[in-house]
Amino acid sequence: MIRPGKGAEIRMAWWRRKKQALEQTSESNKVSVPRGLWTKCDACGEITYTAEFVQNLRVCPVCGHHHVMPTKERIAAMLDRDSWQPLDLELRSGDPLGFRDQAAYSDRVAKADRSVGPTDAFTAGFGTIDGLDVSAGFFVFEYMGGSMGSVVGEKVTRVFERALERKIPAVIFSASGGARMQEGILSLMQMAKTSAARGRLRAAGIPYVSVCLHPTTGGVAASFAMLGDVILAEPRALVGFAGPRVVQQTIGQELPPGFQRAEFLLEHGMLDRIVGRLELREQLGLMLRLLAGAPAKAAAALPPAPAG
Amino acid sequence: MSGKVLEFERPIVELETKIRELKDLSGAGSEMADEIARLEQKAAELQRERFAALTPWEQLQLAKHPDRPYTLDYIGEVLTDFVELKGDRAFGDDPAIVGGIARLDGRSVVVLGQQKGRNTKENLHRNFGMARPEGYRKAQRLMKMADQFGLPLLCLIDTAGAYPGIGAEERGQAEAIATCLELMAGLRVPSISVVIGEGGSGGALAIGVTDRILMLEHAVYSVISPRGCASILWKDAEAERTAAEQLKMTAHDLVGLGICDEVVPEALGGAHRGLPATAAALHDALRRHYGELAALSVQDRLERRYAKFRRMGHVEMQA
């Protein structure tokens, strides 16, 4: 048998040929493409220039799919430019139960602090929307799935209390899997604590708008997120009490299409409106002004009519 | 009675069976009386020792014991003239929550609580004590009624959780629970909740935002069931014993965490082995707490209730 040399390979039938790189390139002369320059839409697969994608608030320009948005970008997109004053930065989670599953809770917290920042799963403060002062809060879903432990409950409560103190509307953007199991019963009680604070705001006649982002479930949905004077959601956001997996396990059958999505909730009367992210700030401004009985911004900005 | 005997109850139950046999054998005769008395004393001692050293897992088994007294059992023992009221005036009546008006020591109260079934048929009717939104909306109706007529509110908590079904989600389970929480925080009347068995998550808390939170000795109260917790955090439902320990869900744990105001002692061997004694202890505790609450002004009660829940949680300050 004749062993084919390199040249012989070329003459080989094509289906026997080994695949070979067209050109050998060394590591050094490779043209490097920065990672993340392009972003592929999770829903339609369209590839967009990442800078444009971020500029478009991570909404796919082709199909309109709303992708998960880092909290920093969220804050910048929802509030007036440079108006954000974060507060309660000194609050930290402890480990009241000495909880340990596959990792110790304190290690999980330390890890999240390092990778996301020391905000825990919620950041609270003051800002303006369409020029109107608001006491605002944003869930940080990146931080342990936005789960609500004592720190989150405390910060949410303070959002309501500061709104009450300053007589300005409260706005909370929720994205959470629910109560944080590692703080046990203390996490559950945050539902009561936050709802009680929300009740005081209602009694004082100060508006609270709840915006449900993807996903808003469990103890967060079953407390202040569902207690807004106005409740909004982003398109396709999952909002519900029990997670879809739990529901499916309980009933043992397929869930209907679109179950627990914002459109489903709207249909069943659980939401006021679904608002796309690109219109959200403007719509919030409009609604807050209407609720507060404040004039439209254009009118407010008009110079006073000359006397005489 | 299911007659179910838990592993750690077995030695005691066997001893008790022996005593009963001896009694039958000896009839009215007195020659065995000394022996019987000695055995009875031994059984009581054994029980006391064993029950003083229950693990969280064993407490959970007791809390879920199929013979454990339920809401209607306590209503029957502690209250008089109970009149059940039904329906949420919007969709339906949820038999997983019972409620109505009754008397406690002759004074009118509004009472409500989750109700489990004793057998399969009852459990199908009661949905195993897992309420749907209409149950929570019926509860809201009754809470408002209590406020309207100035009647103290009593809530008996005993549920694995709110029902996670398609219809429940369609009809706004989350909103129904949330509204209960806010409503209870603002009630003008004195309120007490008692965890009599299982306090399971938001479905339990929905009727638990009260001036006082009591727990029966072997009741548990938790953010999630140990099984649910195990399957999420350990990715293994079999880790539920470990989860039960980690979650700190027993009555004494909850006193330590500043959630439970008082542990109500149960009959030796658990409420299912002595309903009258357990109900009497509960009655005592209710009388005392309602007495204290009635002495406060409405404003004072509201402030204290707000402050009570406001304090709950564990937050550390970074310098």
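How far apart do the C-alpha centres of domain 1 of chain B and domain 2 of chain B lie? In this predicted model, the two centres lie 36 Å apart. Domain 1 of chain B covers residues 11-53 and domain 2 covers residues 60-311, the bounds being taken from an automatic or database domain assignment. The contact (heavy atoms within 4.5 Å) takes seven residues from domain 1 of chain B and six residues from domain 2 of chain B.

The size of an interface is often given as the accessible area lost when the parts come together. Here the buried area (accessible area, 1.4 Å probe, lost by two parts on being put together and summed over both) is about 470 Å², and carbon and sulfur atoms give 63% of it. In domain 1 of chain B, Gln47(B), Arg48(B) and Phe51(B) lose the most area to domain 2, together 78% of what that side buries.

One salt bridge is found across this interface, the term denoting a side-chain nitrogen of Lys or Arg within 4 Å of a carboxyl oxygen of Asp or Glu. The side chains of Glu16(B) and Arg273(B) meet in a salt bridge, at 2.4 Å from N to O. On the side of domain 1 of chain B that touches domain 2, helices H1 (10-26) and H2 (33-52) of chain B each give two or more residues, helices being DSSP runs (H or I) of at least four residues, numbered from the N terminus. H2(B) gives the most, with four residues.

Residues are numbered from 1 along each chain as its sequence is written, and chains are lettered from A and ligands numbered from 1 in the order in which they are written. Local features need pLDDT of at least 70, side-chain atom pairs count only at pLDDT 80 or more, and totals for chains, interfaces and linings use all residues, while side-chain values use heavy atoms, with hydrogens and water left out.
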